[in-house]
Amino acid sequence: MTKYSTYTTPLGVVCVKETTDGKNHRRTVEPGDDYANDTAVVKAACIKAHTPEVISAYEAHKAEAI
Amino acid sequence: MAEQQTLDNGDVLSIQRAKLNNNALDALSQARTTAQSLASDLDFAVGKGVSFDGGDVFGSYEEFGTFSPTVETSGVALDSVAYSFQAGNYCIIGKRLFFDIQMRTSAITIGSGTGNVVFGGFPVPSKAAGVFVAGAISYRDNWTTSPDALLISPGTSKGAAYYYASAGADSTTLAIAALNLGLGNTIRVTGSYFID
């Protein structure tokens, strides 16, 4: 059984930690990413964090940063 | 102070009572705690952790695990990328994240993809108010033009690929034309960066 825990960074990136049998795997869901097929826990975090304003601000940040 | 009590047979019993103040009781309680082993993990809520002498809180002191690095672009996404291997290991100590990447593509379809080569999939974004962190790509194989450096962008879980056009030249972004669509583009990287 996999345990999911999430937190959201100041820029709206949802950080996901998946723990299975004591082993950790991490990934991120960035504002604007498609999370439709993700787990319920991750979806809930993304719905809350990824508002249109956050997505727009993150796109602007990426355009400068990457 | 000793208390005395006379028993039925006439003997006198002397009892020395010890009085412990609150500080001593606390010390005793702590000593007992440190002498015991916990049977389960201590699980702190997000943002909470351990602080020593009122210093910074270690919210995630020494955690290790895996992640899945990816090849992406700075513009429109590649149509598809398949991997022969796609392995990442990380270790978080305090606010510092250390990582290893070993990745090799097996097939790439650029399709409508545009922009420059970006490596994504890092386990946690770098510190939002931080600096661009550069790491050397110490091993690469099969690229049309090989990346030499990785520049991790503040607040994101991505890093742009750079190369040196000639010895001593400035770092230059790597257009997706650098990708070898047939043979597997391989990189092995070790690096670290600060996280929020």
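Predicted model: local features only at pLDDT ≥ 70, side-chain atom pairs only at ≥ 80, totals over all residues.
Residues are numbered from 1 along each chain as its sequence is written, chains are lettered from A and ligands numbered from 1 in the order in which they are written, and side-chain values use heavy atoms, leaving out hydrogens and water.

**View 1. Chain A by itself.** Chain A has 2 helices and 3 strands (helices are DSSP runs of H or I with at least four residues, strands are runs of E with at least two, and both are numbered from the N terminus). Reading from the N terminus, the order is β-β-β-α-α. Its C-alpha trace spans about 40 × 20 × 20 Å along the principal axes. Of the 66 residues here, 35% count as buried. The accessible surface is about 3800 Å², with 54% of it belonging to carbon and sulfur atoms (areas come from the Shrake-Rupley method with a 1.4 Å probe, and for residues only the protein chains shown count as cover). Among contacts in chain A with a separation of 6 or more, 26% are between residues 24 or more positions apart; a contact means heavy atoms within 4.5 Å.

**View 2. Chain B by itself.** Chain B comes to 1 helix and 15 strands. It has 196 residues, and 31% of them are buried. For contacts in chain B with a separation of 6 or more, residues 24 or more positions apart account for 63%.

**View 3. Where the two chains meet.** Here 20 residues of chain A are in contact with 25 residues of chain B. Together the chains bury about 1700 Å², 55% of it on carbon and sulfur atoms; buried area is the accessible area (1.4 Å probe) that two parts lose on being put together, summed over both. On the chain A side, N24(A), R26(A) and I66(A) lose the most area to chain B, together 36% of what that side buries. Across the boundary there are 10 residue pairs in polar contact, both residues at pLDDT 80 or more. A polar contact is a pair of N or O atoms within 3.5 Å; within protein, one must be able to donate a hydrogen and the other to accept it, and residues adjacent in sequence count only if both atoms are side-chain atoms. From chain A, β1 (2-8), β2 (14-20), β3 (23-29) and α2 (52-65) each supply at least two residues to the touching side, and β3(A) gives the most, with 5 residues.

**View 4. Salt bridges between the chains.** Side chains of opposite charge can pair when their charged atoms come close. A salt bridge is a side-chain nitrogen of Lys or Arg within 4 Å of a carboxyl oxygen of Asp or Glu, and there are 3 between chain A and chain B. In one of them, K17(A) pairs with E63(B), with the closest N and O atoms 3.5 Å apart. K17(A) sits in strand β2 of chain A and E63(B) in strand β5 (residues 61-67) of chain B, so this pair joins two chains. E63(B) is buried, at a relative accessible area of 9%. K17(A), R26(A) and E63(B) are linked in a network of salt bridges. Elsewhere, K158(B) pairs with E30(A) at 3.4 Å between the closest N and O atoms, and both K158(B) and E30(A) are buried.

**View 5. A salt bridge inside chain A.** Back to R27(A): its side chain meets that of D38(A) in a salt bridge (2.8 Å, N to O). D38(A) lies in the loop between β3 and α1 (40-49), R27(A) lies in strand β3, and the two are 11 residues apart. D38(A) is buried, with a relative accessible area of 19%.

**View 6. The surroundings of D148(B).** D148(B) is in the loop between β11 (139-141) and β12 (149-152) of chain B. At 14% relative accessibility, D148(B) counts as buried. Its side chain makes a polar contact with the side chain of R140(B) (2.6 Å) and reaches the backbone nitrogen of Y164(B) at 2.7 Å. Not counting residues up to four places away in sequence, D148(B) touches residues including G135(B), I137(B) and Y162(B).

Terms used: Buried < 20%, exposed > 50% of the residue type's maximum accessible area, 1.4 Å probe, protein only.
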